[in-house]
Amino acid sequence: MTQPPSSSTILSLLLVLLLCVSPRRGDARPSFACDPRNTNTRNLPFCTASLPIPNRVRDLIGRLTLQEKITLLVNNAAPVPRLGISGYEWWSEALHGVSNTGPGVKFGGRFPRATSFPQVITTAASFNASLWELIGRVVSDEARAMYNGGVAGLTYWSPNVNIFRDPRWGRGQETPGEDPVLAANYAANYVRGLQQPHGRDGNRLKVAACCKHYTAYDMDNWNGVDRYHFNAKVSKQDLVDTFDVPFRACVVEGKVASVMCSYNQVNGKPTCADPHLLRNTIRGEWRLNGYIVSDCDSVGVFYDTQHYTATPEDAAAVAIKAGLDLDCGPFLAVHTEQAVKTGKLRELDVNNALANTLTVQMRLGMYDGEPSNQPFGHLGPRAVCTPAHQQLALEAARQGIVLLKNRGPSLPLSPLRHRTIAVIGPNSDVTVTMIGNYAGVPCGYTSPLQGIGRYAKTIHQTGCSDVACGSDQLFGAAVNAARQADATVLVMGLDQSIEAEYRDRVGLLLPGRQQELVSRVAMASKGPTVLVLMSGGPLDVSFAQNDPRVSAILWVGYPGQAGGTAIADVVFGTTNPGGKLPMTWYPQDYVTKLPMTNMAMRADPARGYPGRTYRFYKGPVVYPFGHGLSYTNFVHTIAAAPTLVSVPLGGGHSHPNTSALWKSSSVRITHAKCNRLSVGLQVDVKNTGIMDGTHTLLVYSASPAGKDWAPHKQLVAFEKVQVPAGSQRRVGINIHVCKFLSVVDKNGIRRIPMGEHNLHIGDVRHPFTLQALPLEEIKS
């Protein structure tokens with residue numbers, strides 16, 4: 001088996017290529033502001049790059065009229081010609097590659113396309129943090145290159161880090177999955193890759209990322225309830241324990257430059273009008289160094305649709321005073337001046353909002369004059385769709401593929417024994433379907449049919465005209481193809497007609513008559529039958545799981561521009577799959593028991609409510625979170641781990657009764673000295689098979705806290721380790737006690753349970769005890 005290139009190898013290649021991607025001088029865009037040729041502005045304080053940014057921002061705001069300030073509060077900010085400032089479009093997208101979903105990016109001319117990586121749910125399945133950061137770096141290279149060429153902005157409203165709470169959500173494909181620790185890790189790493197902070201104080205940005213949609217936003221349009229009217233009723237416990245976790249990581253660890261508030265209400269208040277969420281939490285508690293933006297037309301929505309305020313100027317005032325800095329949409333540009341004139345809003349409030357947006361623009365170098373003379377000013381058209389970038393897109397697709405079933409084993413296929421392959425299904429020769437939503441124009445495509453055709457002769461039949469599969473008219477030709485071939489690959493699943501923004505699914509089964517097609521083809525196939533599933537959300541494929549004639553099942557998500565190559569590489573064993581499911585695959589019966597509108601995470605057996613995600617649901621599943629097979633076998637052994645860990649008391653807050661605290665069953669994290677307090681493990685991973693492989697090591701914890709507090713189990717760490725056949729690797733893992741071994745009580749207070757905890761790694765269990773260490777013992 002040939003192992004794909006490592007992340008470090010790809011990064012080295014990227015650095016070499018960047019030395020020769022300088023644009024022609026004529027490619028550089030005009031200065032956004034502070035053009036050194038403009039004698040009227042070049043010596044003004046806000047154009048003096050050597051001054052501290054806060055001083056420059058204050059100077060600029062002081063020169064603006066109220067009317068000019070208001071035109072800068074919206075995404076299509078107007079120019080200020082008298083100060084030499086160009087207009088700017090804030091709305092660009094880079095979910096998994098530079099996208100033209102927003103108006104800020106224009107493909108064409110010298111920038112006809114950009115690298116399209118797999119959809120986020122697919123790269124999340126890699127459980128590879130270094131890969132996520134590397135993808136971010138590549139995307140920001142291409143974004144900066146396009147900015148330098150005048151066809152893109154520098155503010156990207158990505159990533160989407162909402163929790164994939166309900167399997168029917170049409171936008172679950174955009175997220176890193178259902179687990180808050182996984183989503184938080186993805187968020188921080190992708191943001192770091194995109195922003196690449198630099199400069200003497202590390203405060204300058206390559207591009208500005210944005211984590212969205214804050215918060216408890218995970219339903220678009222279900223059963224007559226849409227995101228514009230929905231009031232998400234969320235407990236303090238679930239907000240802190242689940243929904244806020246990835247956003248906090250975005251701000252605190254990723255140091256993201258922006259957070260976007262969502263359309264929905266949370267407990268009766270629109271998120272974009274809630275000072276507790278925006279001013280107190282994001283900016284106050286988490287200390288956002290950046291701006292808060294509305295989802296597009298959110299301010300208009302909470303006035304026009306939710307009728308939250310009596311007048312439009314009230315809506316403008318409420319949003320800005322709550323902490324909103326920028327409106328995606330025209331609402332603030334139209335109504336803010338009247339809000340100021342009627343005394344509902346102070347001009348100082350407008351100034352404060354502008355200070356946050358202008359600060360980010362200055363951190364991006366947009367007021368530093370000629371772009372080509374700045375860091376990253378050398379990036380041009382040749383920095384987009386480079387061979388290294390496209391290789392990384394392929395590598396990401398390979399790492400995200402999950403092997404769900406392999407009977408026999410039947411995979412990998414052999415090009416020597418399986419010389420003719422029947423390639424069947426509505427997704428068997430797709431291109432656009434592979435990139436999912438919020439995508440741009442890819443460098444090129446390799447469809448599944450094309451990928452498999454590089455290994456063997458193919459007989460192609462779609463079987464269904466599209467994924468809706470409303471007719472069996474094409475079934476006969478598909479069955480005949482399977483009878484003629486040495487093996488059959490069925491590429492089935494979903495696309496954006498079934499799951500998308502503003503399109504939630506009604507169920508979890510394969511659409512239309514797809515299941516019938518799979519079963520009939522599998523019955524006729526004279527060789528192994530491989531089912532490849534393309535989807536963002538989970539599917540109930542119990543029929544195929546239980547059918548011995550379906551030899552193997554692969555889930556590939558939406559694998560990006562190189563998806564066909566990655567699928568073929570896994571099917572034929574050039575790549576050994578190592579992906580794990582980032583979400584639970586439920587049976588169809590599950591969704592009949594709970595409406596999408598019920599936000600509760602924890603089960604309520606008395607009311608027949610089953611709970612959500614692997615953390616709180618204990619019922620039957622098709623495939624569990626974290627499931628994924630390999631072509632080889634891995635064995636875990638815990639080589640070293642503590643049996644007793646002391647938690648020193650006396651954190652940032654004093655406690656009046658230390659002895660009572662010491663004897664209690666749990667300790668608030670604010671009463672503990674968290675610092676670097678961690679549980680250290682040494683885990684040996686042995687490859688006992690005959691094929692090299694990359695293993696995804698998932699570490700879970702089970703807490704002694706009561707079921708009303710704690711999840712059944714919680715992911716606390718994950719690592720990728722490459723292990724050659726017959727060899728062993730030792731992996732060191734540190735689990736931060738306060739961060740990962742704490743639980744949240746019903747009041748939303750995070751606590752560390754004392755007593756026996758259990759770590760789970762595959763079938764291996766390791767018990768250890770947490771005990772409070774009193775202040776007296778610390779002092780002695």
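Hi everyone. Two strands count as paired when DSSP finds at least two bridges between them, and strands are DSSP runs of E with at least two residues, numbered from the N terminus. This is a predicted model, where local features need pLDDT of at least 70, side-chain atom pairs count only at pLDDT 80 or more, and totals for chains, interfaces and linings use all residues. Residues are numbered from 1 along each chain as its sequence is written, and side-chain values use heavy atoms, with hydrogens and water left out.

Let's start with β26. Strands β26 and β27 (residues 764–773) run antiparallel and are joined by 7 bridges. On β21, β26 pairs in the antiparallel sense over 3 bridges, with Asn758 as the bridge partner of Ala702.

Now, the cores. A nonpolar core is a set of buried Ala, Val, Leu, Ile, Met, Phe, Trp, Tyr and Cys residues joined through side-chain atoms within 4.5 Å; buried means under 20% relative accessible area, with a 1.4 Å probe and protein chains only. Which residues have the most contacts inside the largest nonpolar core? They are Trp157 and Tyr367, in a core of 123 residues. Another core lies apart from it, with 86 residues, including Phe243 and Trp555.

Leaving aside neighbours within four places in sequence, Tyr367 is in contact with residues including Phe32, Arg56 and Met362, contact meaning heavy atoms within 4.5 Å.

Thanks, everyone!

Methods:
Buried < 20%, exposed > 50% of the residue type's maximum accessible area, 1.4 Å probe, protein only. Helix = DSSP H or I, 4+ residues; strand = E, 2+ residues; numbered from the N terminus.
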